[in-house]
Amino acid sequence: MVVSLSNTNVRRFILQATAVGLFLALVIGTAVQVADSLQKQGMVYGWAFLGQPTGWDISAAPLAHAASDPYWWTILLGLLNTLVLALVCIVVTTILGFLVGLGRLSRNFVISFGCRLYTDIFRNVPSILQIVFWYQIILHLPQERRAVPLPGGAFISNRGIYLPGLEATNGNLCLAVGLILMAMLIAASPLGRRLGRGRGTVLAAAAGAIVALTLWFGAPVTIQLPHLHGFSFENGLRVPAEFAAVLIGLSVLGTAYVAEIVRGGIQSIGRGPVEAGRALGLHEWMIDWKIRIPLGLRAIVLPLGNQYLITVKNTSLGAAIGYSDLFAITSNSINMNGHTFEMLGVMVGLYLVVNYCLSLMINWFNARVALKGARSIGRQPAGGRA
Amino acid sequence: MQRGPAGLGFLSSWLNVGISILAAAFLLWLLVLFGKWAFWDSAWSDAGADPCGGASGACWAVIGARYRLILFGLYPYEEQWRSLVACLVVVAMVAASCVPRLWRAKWLIGIWISGFTVFIVLMQGGVFGLSEVTTERWGGLSLTLFIYTATIIIGMPLSVLLAIMRCSDDRVLRFLAGVVVDFIRSIPLLAVVFGAAIFAPFVLPGWLNTDNVYRVILGFALFFAAYQSTILQAGIQSVGLGQGEAARALGLTPSQGWWLVILPQAFRKALPATINQLVSTFKDTSVLVIVGLFELMASAKVAIQTGKWSDYYIEVYVFVALIYFAVSYSLTRYGAYLEARMRVGQD
């Protein structure tokens, strides 16, 4: 074989070798440089610091935290903060986004105009501006002693929002949960499948039993209303100001994005099914509820999943106002202990894992709802995309 | 969903009339509330120690007093006309890129490179009798525009490279590009920029390592390239195999095939998504306030830090939001117009 540059295989080999060589040189060069500078600056590479106490406390977390916690626990709390915030944001934006998105498609001109105004305004303002803005608003609210009452027994002050909390009173809770689980199990089992539409009856019976139990023994959970005691609130659930601000900021923005996704999905279905519905003599709103929306939902799944991935990543913006999420904890740790590369690795690794798991779930769900053999709907998978 | 047969769906039934009236009343109420705050009850001039003299609405005097800081940061006061002209150059550059007649690769590259050079010469100075102003003193909107244009000028060629790699039939190239793109896409922008800012001092030679701005721009450009490359990839894949084969049959070399046949069509197909990406990149520059850059968001923050103006944060944030909105909304509308124009004859 003659080795010449005009040979495709030779050219391809050279190209490959160059690309791989460059990539390896970049990686190895970086590693060598990093090791060199670490040595020069007297920094120690190692993972032992994960077990040592941090010496600083984080602002808020759903679990107990203190300055004496080791690093690994603090990092896990940061991850938990990220996940909790993302989950709440996802639930809120999905519900509100569907409402606004359907509102935009409404035949009622005033409603569709209002919803369009909302999406147009909030989609075009950066998320961080909205977070900082809402945070400033909350910080300028009255102090706890003069907290503003909200409907439903909640209060809002410059330290956050106080919501009515739930508290389990006695064994009734176990009984109620057991009943619900059993009813769901029966409904999902082969027996339930044979019951067909009777499954609803099983669930209704369980609900009835729980109501009867509540009337007889007292409620399984009671609602604890927050009330002012001295200078601060007792009982109830405190939503810290930082959490509330990030939640409001990301939800206002996310709702606008979800609304656009919902609108686009429902508008994307072809003329065929709708005309088929008309030909069958369905009423216009039957066509909406039985054809447009169910078909549109299938086209919504993947973009909506991408929006969820974006939400998870956007929670890092909470760092701007001191919400202790994964990113904030990482950058704080690096400032405090100088284990730069270990901490960067931990953060990136955790984000990758979370993202990967979420996109697996989205793809699984999409595969379940996709029309079999429908090419137009199963566009590209959501693997780590945003 | 379609309107009713009469076209005026919102008057079709009594229930709908009720809903319409309620919704209209609500919108009107919001409008009046906003109008009262922003116009009728607002104060426009600084009344000394107690600015705005206790007006119940907005105190726009804060903008009059601080707009130079918000727009130009700590740039020397007498030289701020240079900042202003530089910003206008960027605006003109973006506007020129929106004219379909100028959509030739050479022209667009020429416009952006020369516009960027003019921007830097104006801002940096040190030549043509302009005094030198180092990047540490840049700030506000002008720094935002600098970061934005630099990100696109570095990121766009990188994204083309990544997209070509991901579409090549070479498995190794595809894999390498895929790893880089998917890696960057699954971590937050903040983490990418932060990581780049931390890593760069270890990796880059000293002369490239002068200012944090450059490190951040590098990270931001990588982030932009990762997202833009998937958009271009979709564009390339929608061009169709026949085009590449035809190019080869005509005797074009592979690079000529890419440059003359596939990429121009791919860019055209990817245009609406590209514009969306450009818009969100502009909005994303605001994230850089967290890694300590003095861009628009940061200068807004500083503008309300003095005691006299600290109560007027809403006005300042609304002003900054309006700047972002103006850029973002007009580009989005332009994208929608292009999309409609491209759809003609395809339905």
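What share of the contacts in chain B with a separation of 6 or more comes from residues 24 or more positions apart? The share is 66%, where contact means heavy atoms within 4.5 Å.

This is a predicted model, in which local features need pLDDT of at least 70, side-chain atom pairs count only at pLDDT 80 or more, and totals for chains, interfaces and linings use all residues. Side-chain values use heavy atoms, without hydrogens and water, residues are numbered from 1 along each chain as its sequence is written, and chains are lettered from A and ligands numbered from 1 in the order written.

Chain B has 13 helices and zero strands. Both are DSSP runs numbered from the N terminus: helices are H or I with at least four residues, strands E with at least two. Of the 347 residues in chain B, 47% are buried, meaning under 20% relative accessible area with a 1.4 Å probe, protein chains only.

The table lists its two members.

| Helix | Residues |
|---|---|
| α8 of chain B | 212–237 |
| α11 of chain B | 271–284 |

Their axes come within 10 Å and cross at roughly 160°. That makes α8(B) roughly antiparallel to α11(B), a label for angles over 145 degrees. Axes are lines fitted to C-alpha atoms over the stretch in contact, and angles run from 0 to 180 degrees between N-to-C directions.

Residues of α8(B), including Phe220(B), Tyr227(B) and Ile231(B), meet residues of α11(B), among them Ala273(B), Leu278(B) and Asp284(B).

Notes:
Angles under 35 degrees count as roughly parallel, over 145 as roughly antiparallel, 65 to 115 as roughly perpendicular and the rest as oblique. Buried means under 20% relative accessible area, exposed over 50%, partly exposed in between (1.4 Å probe, protein chains only).
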